[in-house]
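Hi everyone, thanks for coming. Please have a look at the picture and the sequence, and then I'll walk you through a few parts of it.

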Amino acid sequence: MERRSLGTQGLEVSAEGLGCMGMSEFYGPTDEAEAIATIHRALELGVDFLDTADMYGPFTNERLVGRAIAGCRQEVVLATKFGNVRGEDGSWGGVNGRPEYVRSACEASLARLGVDHVDLYYQHRVDKTVPIEETVGAMATLVGEGKVRYIGLSEASPATIRRAQAVHPITALQTEYSLWCRDAEQTVLPVVRELGIGFVAYAPLGRGFLAGRFRGPDDLCAEGETRCRHPRFQDDNLTRNLELLGRLEEIAHDRGVTPAQLALAWMLHRGADVVPIPGTKKRRYLEENVVAAAIALSADELARLDEALPPGATAGQRYPDMKTIDA
């Protein structure tokens with residue numbers, strides 16, 4: 001597996017990471033044994049960049065990842081996040097970026113993960129009631145104490161990124177980015193490249209849509225499944241987006257790869273500073289995804305994909321409520 005640098009402070013990760021969220025919540029039934037086996041298989045295949053957050057589960061995903069990496073911590077580049085507040089019962093408590101919360105959230109995450117530090121600590125969502133300088137200042141203190149090696153932001157606007165960078169070097173920005181979500185190309189990607197910040201792309205397969213596994217509402221109604229609430233998976237939006245998927249599938253067929261592999265290969269061609277973190281809870285999908293790292297796309301193939309799925313072509317908003325996205 002190729003390795004890539006995130007930021008300019010020295011963090012190096014596998015070119016593909018592994019998003020662990022769905023192992024505990026949001027995407028239907030879970031299987032802890034298979035999830036842990038998937039993490040172990042990822043490490044065997046050279047995928048060492050693991051992504052979790054305190055809110056996933058809630059709290060259970062960090063515990064699961066901690067159990068999976070016990071005894072092999074040194075083999076892992078571990079990223080987690082704070083800021084989306086949830087209760088043990090799954091309730092939602094808004095976004096919190098207050099300095100005292102940053103510290104308590106980090107210490108709780110370390111305990112759940114069973115580690116003495118995390119390699120990359122993100123603010124999951126920007127708290128618009130707290131100056132970003134205060135939040136990042138608290139994160140910088142954690143770096144000084146050795147509890148965090150590098151800090152990142154998630155779904156932050158260009159203005160917020162610039163203000164944060166003035167307080168402490170930001171190593172990575174995590175934002176949704178895929179063939180059906182290309183907003184970042186015009187907004188944050190130019191800024192992070194100017195500032196020397198790495199880009200981590202979450203949902204690089206469009207929450208599984210670009211893998212071709214969803215054809216209608218019945219595919220999205222499993223217990224614990226939340227994708228059916230997203231506008232892009234609903235009604236006329238879904239119909240329009242299935243047309244886009246058909247174009248991707250045609251190109252993938254011509255190349256002899258799966259749509260998921262083609263979508264990830266496209267992402268890996270967006271620049272050496274871009275690291276996708278496709279999420280999966282099953283080894284067979286992980287193994288399929290890893291193949292994408294070895295797929296070389298020609299200029300003509302990249303142009304064909306750009307024509308088939310151009311920026312702005314996807315129907316519907318990314319989330320039912322976009323108010324938590326810093327803009």
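Before we go on, two notes on what you are looking at. This is a predicted model, where local features need pLDDT of at least 70 and side-chain atom pairs count only at pLDDT 80 or more, while totals for chains, interfaces and linings use all residues. Residues are numbered from 1 along each chain as its sequence is written, and side-chain values use heavy atoms, with hydrogens and water left out.

Now the names: helices (H or I, at least four residues) and strands (E, at least two) are DSSP runs, numbered from the N terminus. Two strands pair if DSSP finds at least two bridges between them.

Strand E8 (residues 118-123) runs parallel to strand E9 (residues 148-154), and 5 bridges join them. Together with helix H4 (residues 132-144), E8 and E9 make a right-handed β-α-β unit. Right-handed here means that, with the strands pointing away from the viewer, the path from the first strand over the helix to the second runs clockwise.

Next, E9 and E10 pair in the parallel sense over 3 bridges. Leu153 stands opposite Leu173 in E10, and Ser154 has Gln174 as its bridge partner in E10. E9, helix H5 (residues 158-165) and E10 also make a right-handed β-α-β unit. From E10 the chain crosses through helix H6 (residues 188-195) to E11, and this β-α-β crossover is right-handed. E10 and strand E11 (residues 198-202) run parallel, joined by 5 bridges, and Ala172 has Gly198 as its bridge partner in E11.

How covered are these strands? Buried means under 20% relative accessible area, exposed over 50%, and partly exposed in between (1.4 Å probe, protein chains only). In E9, 6 of its 7 residues are buried. In strand E10 (residues 172-176), 5 of the 5 residues are buried, so the strand is largely enclosed by the rest of the structure. Both of its faces are covered, with Ala172, Gln174 and Glu176 on one side and Leu173 and Thr175 on the other.

Now for a loop, the one between strand E4 (49-51) and helix H2 (60-69), where you'll find Met55. Thr52 lies in the loop between E4 and H2 too. Is Thr52 buried or exposed? Thr52 counts as buried because its relative accessible area is 1%. Leaving aside neighbours within four places in sequence, the contacts of Thr52 (heavy atoms within 4.5 Å) include Asn61, Val65 and Leu113.

Met55 is buried as well, at 6% relative accessibility. Not counting residues up to four places away in sequence, Met55 touches Glu25, Phe26, Asn84, Arg86, Trp92 and His124. The C-alpha atoms of Met55 and Gly90 are 8.7 Å apart, although these residues are 35 residues apart along the chain.

Last stop: helix H9 (residues 283-291), where Tyr285, Leu286, Asn289 and Val290 are buried. Seen down the axis of H9, the buried residues fall within an arc of 140 degrees (taken from the directions from the helix axis to the C-beta atoms), so they line one face of the helix. Why can that happen? An α-helix has 3.6 residues a turn, so residues three or four places apart point the same way. Covering the buried residues of H9 are, among others, E3, helix H1 (32-44) and helix H8 (259-268).
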